[in-house]
Amino acid sequence: MANMRFAVGLRRLIPFFGYHHVLMFLIAAGIILLSLLLAGCSSTSPGIPNIFLISLYYQNYPPSFNPAQVDPGVTTAIANIVGQAQLEVRVGYFGICINPDGGAFLCSNNASSLASQVSVDQDPLNLIWVASTFKDSIVFPYLIIVAIVLAFICFILLATFPGWHEETDERGSERDVKPFPSRPVSQVALALIFVASVFVLVSVLWQHTASVAASTIAQDLGNGSVKSGVGTTAMILGWFGFALFIIVTIGLLVMILSISLLDRLTDD
């Protein structure tokens, strides 16, 4: 009986679930993904240290040799300096996380406070300082922040779209009616989500290129003793957020063009 009531209630609700509600859901999902991306490495909450742009850590491995290396023997000197260090540093948009000895992560937006909690033997090549330089000089989160604000405004505009409601016709019978949304409001919403999509695209491309470049250079400089990597989770969050915004942009464009076409047909 309870399942039947739920099914009947759901069947009544579905007709009142409009096209713009789907777009609103996609915008909300995109905002959540981008917010998680910005929150990476900002705290020790579960999962947050795993959202990072770049990771630097000490690890002994066979160094690579190349004819372009003037002094290949420097790798031995670096290995002697590193010793048994195993510290790992992860960089996010607004924070840095360190794992000095394979235990729990320590996270902060202040690199100096993190550096004061480790010894010279744990970070002999100053990877915390290198990570801080990357965060302060290369990472630029503000395009994503603006994109989130624009997307939220678009979400609010979509919430103003008219929904289904009952009207009484000339015969006295009730029928469900849904008016077209305002064209100016639709166009403003389209412009906002389009600009947000462009901002996210630029920021994610910037993030990807900068992270890969910094990761490669850091590993080459610490050849044989330092490894680095790019955060896969951060890349997925960024690209999925962009994809959702693009879908909303296309959806709004199709809706506006469809309404314009219907207006022309009815006028004719």
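**Close-up 1. Helix H3 and its buried side.** Helix H3 covers residues 74-82, and its buried residues are Thr75, Ile78 and Val82. Those three sit on the same side of H3, because they span an arc of only 60° around the axis; the arc is taken from the directions that run from the helix axis to the C-beta atoms. "Buried" here means under 20% relative accessible area, "exposed" means over 50%, and "partly exposed" is in between (1.4 Å probe, protein chains only). Helices (H or I, at least four residues) and strands (E, at least two) are DSSP runs, numbered from the N terminus. This is a predicted model, so to speak of a local feature takes a pLDDT of at least 70, and side-chain atom pairs count only at pLDDT 80 or more, while totals for chains, interfaces and linings use all residues. Residues are numbered from 1 along each chain as its sequence is written, and side-chain values use heavy atoms, with hydrogens and water left out.

Close-up 2. The buried residues of H3 pack against strand S1 (54-58) and helix H7 (183-221). Contact means heavy atoms within 4.5 Å. On the face turned away from the buried side, H3 carries the exposed residues Asn80 and Ile81. Take a look at Thr75, which is found in helix H3: this residue is buried, with a relative accessible area of 10%. Leaving aside neighbours within four places in sequence, Thr75 is in contact with Pro63 and Asn223.

**Close-up 3. The open sheet.** Five strands line up here as an open sheet in the order S4-S3-S2-S1-S7, with antiparallel pairing. Its edge strands are S4 (106-108) and S7 (226-230), each of which pairs on one side only. From one strand to the next, the twist averages 15°. Two strands count as paired if DSSP finds at least two bridges between them. Axes are lines fitted to C-alpha atoms (for helices, over the stretch in contact), and angles run from 0 to 180 degrees between N-to-C directions.

**Close-up 4. Strand S1 and its two partners.** Zoom in on S1, which is mostly covered: 4 of its 5 residues are buried. S1 and S7 run antiparallel and are joined by 5 bridges. Tyr57 has Lys227 as its bridge partner in S7, and Ser55 has Gly229 in S7. Helix H7 packs on the sheet and touches S1 and S7, and its direction makes about 170° with that of S7. S1 also pairs with strand S2 (residues 88-91), in the antiparallel sense and over 4 bridges. There, Ile54 stands opposite Val91 in S2.

**Close-up 5. The largest pocket.** About 310 Å³ of space lies in this pocket. Of the 18 residues that line the largest pocket, the closest to its centre are Leu56, Val130, Ala214, Ala218 and Leu221. S1, helix H5 (127-137) and H7 are the elements that give two or more residues to the lining. H5 provides the largest share, 7 residues. The search uses a 1 Å grid over the protein atoms alone: a cavity is a set of points where a 1.4 Å probe fits but cannot get out, a pocket is an open set with protein on both sides within 12 Å along at least five of seven lines, and lining residues have an atom within 4 Å of a point. Grid points are joined across faces, edges and corners, and a volume is the space filled by probe spheres set on the points.

**Close-up 6. The largest cavity.** Searching the whole structure turns up 2 cavities of 30 Å³ or more. The largest cavity has a volume of about 70 Å³. Among the residues that line the largest cavity are Leu53, Tyr93, Phe134, Phe140 and Trp206. H7 gives the largest share of that lining, 5 residues.

Close-up 7. Cys41 lies in the loop between helix H2 (19-39) and S1, and has a positive phi of about 60° although it is not a glycine. Cys41 is buried, with a relative accessible area of 0%. At 42% relative accessibility, Asn126 counts as partly exposed. Gly102 sits in the loop between strand S3 (96-99) and S4, and is exposed at a relative accessible area of 60%. Gly102 and Glu88 are 14 residues apart in sequence and 8.1 Å apart in space, C-alpha to C-alpha.
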